[in-house]
Amino acid sequence: MAKPGGARREAPGSEPRRVFMIASEAAPFAKTGGLADVLGGLPPALARLGWEVTVALPRYRGVAAGALVDHFPVEVGGYTREVGFFDAPLADGAHALLVDCPELYDRETFYGVADTGYPDNPRRFAMLVRAALEFLARSGAGSSLVHAHDWQAGLAPVYLKTLYATHPVIGGAPTVFTIHNLAYQGVFEPAWLPRLDLPWDLFTIDGLEYWGRISFLKAGIDANLITTVSPKYAEEIQTPEFGCGFEGILRRRAGDLVGILNGIDTTQWDPAHDRFLPEPYDADDLSGKVAAKKAVLAAYDLPADDQTMARPLVAMISRMIDQKGFDLLASIAYELPRVEATLVVLGTGDARYQDLWKRLAALYPSRIGARIGFNEALAHLIEAGADIFLMPSRFEPCGLNQMYSLRYGAVPVVRGVGGLNDTVRDYVPGDPKSTGFVFHEYSGDALLGALQRALALYGEPLPWRALQAAGMRQDNSWDRSAREYVKIYERAIKSRGAVG
Ligand code: ADP
């Protein structure tokens, strides 16, 4: 990136490519779901392609990583705090920048209590974006582009267009905004506008206004290019069924909206080298799954006799909410113990679903196991021990667990929405590309039908083994996704002209 007044003009394409990401979560520092996995996996993959990557995120309670590299006061709408910046290396040369402002981020949870966000969330995430952009501006090096993720980082394109429009380092920086889940829209009272340093003239239908309030997600959609996490979800969110009220806004940006499937971390999720498994295995020899299945049954206090071992083990690891199909499962709850399978569930979420699954496990102690909680080690073990993995989502922007399942030989049974549609291919006898079972109608019967098809094929070892092997060999790596992101970055840079 040529400095202003720099003596030597470098050949086009020889400048370092720098992407500055802003997000509210990134593994391994802060994780509640798939967003963190993306921010943990994509930056190293981009770094392997020669990009310099920084991910700015809050330094929440309990994060001790990183070395203090700078601190200075940051102001958002008259609220000024001394902010610390901690640099923590990620894999392959990428970096995390942990933004430290204890009054805002040193709290029990990331976003709020139960279903209620913290009342000062607009300030908390505006501060994240402001502090991150200030750091970038002061670093002097600028960036080829800014890549913001989800509503928490949604103000980045707007701040760049307003407060920093003429800034010598970051003014005019191209922006990419990624929607990981359209259901979370960051909607707040318009009275926040001046407290976020945003002018009232943004309170219009073409600005941040959303049904009389303001939306940080809508602010993000103002970026030069928008991506979402699967090609199918990119189509779906332009329809009333999946658009959550944003379908019109997104349809207007259809030409700038691209779906890129997430990858999975194939070093963390590899049955041949997974420290959480009793025995390693791979696509050529799946015998190690037996020990994992025994260990899962033991972890759930389920019998592990020959009969149970012969019966397929069906698993779910999920947030227990309607989006993930828990209402659908509830509608067939008392038929589930009657299918020829053992069922284990790991998750946390709505109390009514937690209670239902605890009740089912108590009623059918030899058929159903329920574990309420977040448990990374058990999640790995379940993927290895399961024969079948269920994801009956109402909608699923991308979904990671079905990709882990494919890699672990746990055949996915999924609803054909979003990333589930793009990663799992419905079983057709004789089709070597089939990897799982797909149903479409959002109904308990359709789910049961797909599950029954899977259970029937489980009884035929040869095609079952072929189905498992096809899934295990599918390339869902971050390297594949990163190549797609680079295309988008190049397009954004071209459309705006690189700055720096
Ligand atoms: P979402 O981000 O919508 O929750 P994804 O399938 O994209 O769904 O990602 C979920 C991530 O969180 C996966 O890495 C999954 O293994 C993990 N996960 C979800 N619930 C649990 C749990 N109870 N214990 C361990 N890991 C979990």
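**Rings, cysteines and nonpolar cores**

Arg81 lies over the face of Tyr79, 4.2 Å from the ring centre, where a charge counts as sitting over a ring if NZ of Lys or CZ of Arg is within 6 Å of the ring centre and within 35 degrees of the ring normal. This is a predicted model, in which local features need pLDDT of at least 70 and side-chain atom pairs count only at pLDDT 80 or more, while totals for chains, interfaces and linings use all residues. Residues are numbered from 1 along each chain as its sequence is written, and side-chain values use heavy atoms, with hydrogens and water left out. Arg130 likewise lies over the face of Tyr159, at 5.4 Å from the ring centre.

Phe110 and Tyr111 form an edge-to-face pair, at 5.9 Å centre to centre and 90 degrees between the planes. Phe110 counts as buried because its relative accessibility is 18%, whereas Tyr111, at 22%, counts as partly exposed; buried means under 20% relative accessible area, exposed over 50%, and partly exposed in between (1.4 Å probe, protein chains only). Ring pairs link Phe110 and Tyr111 into a cluster with Tyr60, Tyr105, Phe125, Trp151, Phe188 and Phe216.

Tyr159 also belongs to the largest nonpolar core, which has 142 residues and in which Ile22, Leu46, Tyr159, Leu196 and Tyr489 touch the most other members; such a core is a set of buried Ala, Val, Leu, Ile, Met, Phe, Trp, Tyr and Cys residues joined through side-chain atoms within 4.5 Å. Domain 1 (18-263 + 479-496) and domain 2 (288-474) both give residues to this core, so it lies between them, the domain bounds coming from an automatic or database domain assignment. Leaving aside neighbours within four places in sequence, Tyr159 is in contact (heavy atoms within 4.5 Å) with Val76, Ala126, Val129, Arg130, Leu133, Tyr164, Leu196 and Leu198.

As for the cysteines, the count comes to zero disulfides, a disulfide being a pair of cysteine sulfur atoms within 2.5 Å. Cys244 is in no disulfide, and the nearest cysteine sulfur, that of Cys398, is 17 Å away. Cys244 is partly exposed, with a relative accessible area of 33%.

Definitions and conventions: Phe/Tyr/Trp six-rings, centres within 6.5 Å; stacked < 30°, edge-to-face > 60°.
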